[in-house]
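Let's walk through a structure together, one piece at a time. Have a look at it first, and then we'll start.

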Amino acid sequence: MDIGKGKTTEKMSFTEAENRFTEEKGRGTDLLVPYARSNIERCMCSLCPVQADSKCAQDKLQSSGKAMKDMPEGEVPNPEDVPGIYCSTGKATCRDLNFDRECICGTCEVWKEYGLEEVDPNNHFCLHGRAT
Ligand code: SF4
Ligand code: SF4
């Protein structure tokens, strides 16, 4: 049933690993954004002021970026190791984020593609949890 939330995504196809993580993350919820490499790579969280001074997030950013470079095609890192794509994976695990700062999800192609302006929450997914 189309209840006007978000946008349909049937044109995309995802790998086995991406579908597995998306299912695990979205279990019991109406998850909107697949946990997929194409979405991880377009995520703007790495540039966000909310995480800029977080040692935890910056460390994870470095290590997950390196891990992804070495990973076979179609594989995805563990969501806990990626400091971003919170619209898919939910609240940040790092505890030193500054939520008083502005969220830049509105500049993100994933946000636009999945119509996240129409859902609640539609920003600061690292604080409020995943988009459903
Ligand atoms: S909408 Fe926000 S959390 Fe989701 S991929 Fe884009 S920048 Fe990351
Ligand atoms: S979800 Fe929004 S506030 Fe949180 S890190 Fe990503 S862009 Fe920044």
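**Around ligand 2**

Let's begin at ligand 2: of the 14 residues around it, Cys45, Cys48, Val50, Cys103 and Cys126 come nearest (a residue is near if its C-beta atom, placed from the backbone, lies within 6 Å of the molecule). Helix 3 (49–52) and helix 7 (125–128) are the elements that give two or more residues to this shell; helices here are DSSP runs of H or I with at least four residues, numbered from the N terminus. Keep in mind that this is a predicted model, where local features need pLDDT of at least 70, side-chain atom pairs count only at pLDDT 80 or more, and totals for chains, interfaces and linings use all residues. Residues are numbered from 1 along each chain as its sequence is written, while chains are lettered from A and ligands numbered from 1 in the order in which they are written.

Now find helix 4. Ala57, Lys60 and Ser64 are buried there, meaning that 20 or more other C-beta atoms lie within 10 Å of their own, whereas 12 or fewer makes a residue exposed and anything in between partly exposed, with C-beta atoms placed from the backbone. Exposed residues sit on the other side of helix 4, among them Lys55, Asp59 and Gln62. Helix 3 is included in what covers the buried residues of helix 4 .

Finally, zoom out. The chain has seven helices and zero strands. Its C-alpha trace spans about 45 × 35 × 25 Å along the principal axes, and buried residues make up 33% of the 132 residues.

Technical notes: Contact = placed C-beta atoms within 7 Å.
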